[in-house]
Amino acid sequence: MVFLSHEYFSPSPENFALEQDGRQVETLKAIIKSLPESDADLCKNIQGVWYGSRESNDGAYIDSWEVEYKPNGEFIGTFISKSIAAETSENQKGTWTCNKSILMNDLMIDGERFRFNYLLLHVGDDQRTYVHIGPYELEEVFISYRKRNI
């Protein structure tokens with residue numbers, strides 16, 4: 001359920017990274033405060049292998065992924081982006097935590113730290129709907145399907 005779309009931490013320029021981190025923290029705080037106080041934490045049973053795909057609004061490319069969320073808090077995944085002109089594939093690994101229906105993924109790419117956060121909106125036995133939490137607002141909605149449990 002990790003999809004690279006925004007950089008939140010970067011060693012250069014330093015002020016930009018701190019501003020991005022601060023905006024994300026404020027966005028997360030607002031979202032968490034707005035969640036109803038209930039036992040409906042959608043983080044349960046996230047461990048396993050999940051896959052999905054989505055098409056860009058203009059139809060120019062299709063992104064697909066397969067991610068394994070391990071019980072020890074690590075994840076590994078493959079992400080593919082296809083367009084008429086090219087296809088790219090990227091393997092990623094990092095750590096994950098999930099609390100109060102917010103899935104947080106941390107990873108390093110080319111020496112830079114990235115964090116991606118998702119609000120889980122719906123959980124079925126083998127399906128999850130979630131939305132990417134951007135620096136200012138909720139962004140793309142994704143659906144992933146369970147390939148297998150761990």
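**View 1. Strands β3 and β4 make a hairpin with 3 residues between them.** Strands here are DSSP runs of E with at least two residues, while helices are runs of H or I with at least four, and both are numbered from the N terminus. What you're looking at is a predicted model, where local features need pLDDT of at least 70, side-chain atom pairs count only at pLDDT 80 or more, and totals for chains, interfaces and linings use all residues. Residues are numbered from 1 along each chain as its sequence is written, and side-chain values use heavy atoms, leaving out hydrogens and water. Strand β3 covers residues 74-83, and its pairing with β4 is antiparallel, with 9 bridges. Two strands count as paired if DSSP finds at least two bridges between them. To get your bearings, find F75, which sits opposite G94 in β4.

**View 2. β4 also forms a hairpin with β5, this time with 2 residues between the strands.** Now slide along to the turn and pick out K100, which has a positive phi of about 50 degrees. As you trace the strands, keep one general idea in mind: in a regular strand, side chains alternate between the two faces of the sheet.

**View 3. C43 and C98 are joined by a disulfide.** A disulfide is a covalent bond between the sulfur atoms of two cysteines. The cut-off used here is a pair of cysteine sulfur atoms within 2.5 Å, and by that rule the count is 1 disulfide. The sulfur atoms of C43 and C98 are 2.1 Å apart, and the link is left-handed, with -75 degrees about the S-S bond. This pair connects distant parts of the chain: C43 is in the loop between α1 (14-34) and β1 (48-55), whereas C98 is in strand β4 (residues 87-99), 55 residues apart. Are these cysteines buried or exposed? C43 is buried at 10% relative accessible area, and C98 is buried too, at 19%. Buried means under 20% relative accessible area, exposed means over 50%, and partly exposed is in between (1.4 Å probe, protein chains only).

**View 4. R54 and D63 meet in a salt bridge.** Side chains of opposite charge can pair when their charged atoms come close. The rule for a salt bridge is a side-chain nitrogen of Lys or Arg within 4 Å of a carboxyl oxygen of Asp or Glu, and a search of the whole structure turns up 5 of them. For R54 and D63, the N to O distance is 3.8 Å. R54 is buried at 18% relative accessibility, and D63 is buried at 3%.

**View 5. D106, R113 and R115 are linked in a salt-bridge network.** Zoom in on R115 and D106, where the closest N and O atoms are 2.8 Å apart. R115 is partly exposed, at 23% relative accessible area, but D106 is buried, at 16%.

**View 6. R146 and D126 form a salt bridge between a strand and a loop.** Their closest N and O atoms are 3.8 Å apart. R146 is in strand β8 (residues 138-148) and D126 is in the loop between β6 (112-123) and β7 (127-133), so the pair ties together parts that are 20 residues apart in sequence. R146 is buried, with a relative accessible area of 13%, whereas D126 is partly exposed, at 45%.
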